[in-house]
Amino acid sequence: MCPGRVQVFYGVGGVDEVNGVASPLRSSGRQRPGAGRRAAAALLVLPLLGALGLVLGPTGAAPAHAASACSGRLVKTVTFSTGSLRVYESRAYACAVSVAKKPGARRAMRVSLQPRGGRAVVDSGKFTKLAGPVTVHALNRCVRASGSVGGSSGSTGWILC
């Protein structure tokens, strides 16, 4: 330190002895070259990347059943003139949806799924794209499903036995 020179310390930072300029100091007492520019760039780039991620959404390939509301693998599809009935199976559950061939105007749709020995679960109403999903516990049980879109319908016999 030079006599007659006042040095002021600000928390963890300090005053550069050579230039007399206040700047953040490292533990060794030397200033990092370009540290201020890197910090400013990080403060600008990180929020922009976060916003870009929100706008673009998640990356990667979507699974084939992403359009459906059911999870599991597709085990049966019954098509009819105005749509289709799709039945999915996961480990202990069965799920079914009725999907319109041409989505758009609201029309009467219905889907029903019944495990053997149990009550049917039904979703019906006026929908634009699909009715359902309906899910039942079907571990070691057969199920039957039926669905309709407009005036056409389709059904399965006992499946997943």
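Which residue does a disulfide join to Cys70? In this predicted model, in which local features need pLDDT of at least 70, side-chain atom pairs count only at pLDDT 80 or more, and totals for chains, interfaces and linings use all residues, the partner is Cys95, with an S to S distance of 1.9 Å. Residues are numbered from 1 along each chain as its sequence is written, and side-chain values use heavy atoms, with hydrogens and water left out.

Helices (H or I, at least four residues) and strands (E, at least two) are DSSP runs, numbered from the N terminus. Along the sequence, the elements follow the pattern β-β-α-β-β-β-β-β-β-β-β. The protein has 161 residues, and 28% of them count as buried. Here buried means under 20% relative accessible area and exposed over 50%, with partly exposed in between (1.4 Å probe, protein chains only). The accessible surface is about 10900 Å², and carbon and sulfur atoms hold 57% of this area. Such areas come from the Shrake-Rupley method with a 1.4 Å probe; for residues, only the protein chains shown count as cover. Among contacts (heavy atoms within 4.5 Å) with a separation of 6 or more, 40% are between residues 24 or more positions apart.

Two disulfides are found in a search of the whole structure, a disulfide being a pair of cysteine sulfur atoms within 2.5 Å. Cys70 is in the loop between α1 (35-56) and β3 (73-80) and Cys95 is in strand β5 (residues 93-100), so their link ties together parts that are 25 residues apart in sequence. This link is left-handed, with -65° about the S-S bond. Cys70 is buried at 4% relative accessibility, and Cys95 is buried at 6%.

The other disulfide is formed by Cys142 and Cys161, with their sulfur atoms 2.0 Å apart. It links distant parts of the chain, 19 residues apart: Cys142 lies in the loop between β8 (130-137) and β9 (143-149), and Cys161 in the segment after β10 (152-155). The torsion about the S-S bond of Cys142 and Cys161 is about 140°, so this disulfide is right-handed. Cys142 is buried, at 12% relative accessibility, whereas Cys161 is exposed, with a relative accessible area of 72%. With the bonded cysteines numbered in sequence order, the pairing reads 1-2, 3-4.

Four strands form an open sheet in the order β7-β6-β9-β10, with antiparallel pairing. Two strands pair if DSSP finds at least two bridges between them. At the edges are β7 (121-127) and β10, each of which pairs on one side only. Strand β6 (residues 107-115) runs antiparallel to β7 and is joined to it by seven bridges. Arg110 has Ser124 in β7 as its bridge partner.

The largest nonpolar core has 18 residues, of which Leu85, Ala96, Leu113 and Val143 touch the most other members. A nonpolar core is a set of buried Ala, Val, Leu, Ile, Met, Phe, Trp, Tyr and Cys residues joined through side-chain atoms within 4.5 Å. Two or more residues of this core come from each of β3, β4 (83-89), β5, β6, β8 and β9. Residues up to four places away in sequence aside, Leu113 touches residues including Ala94, Cys95, Ala96, Val134, Val136, Val143 and Ala145. Another core, of six residues, lies apart from the largest one and includes Cys70, Tyr88, Cys95 and Val97.
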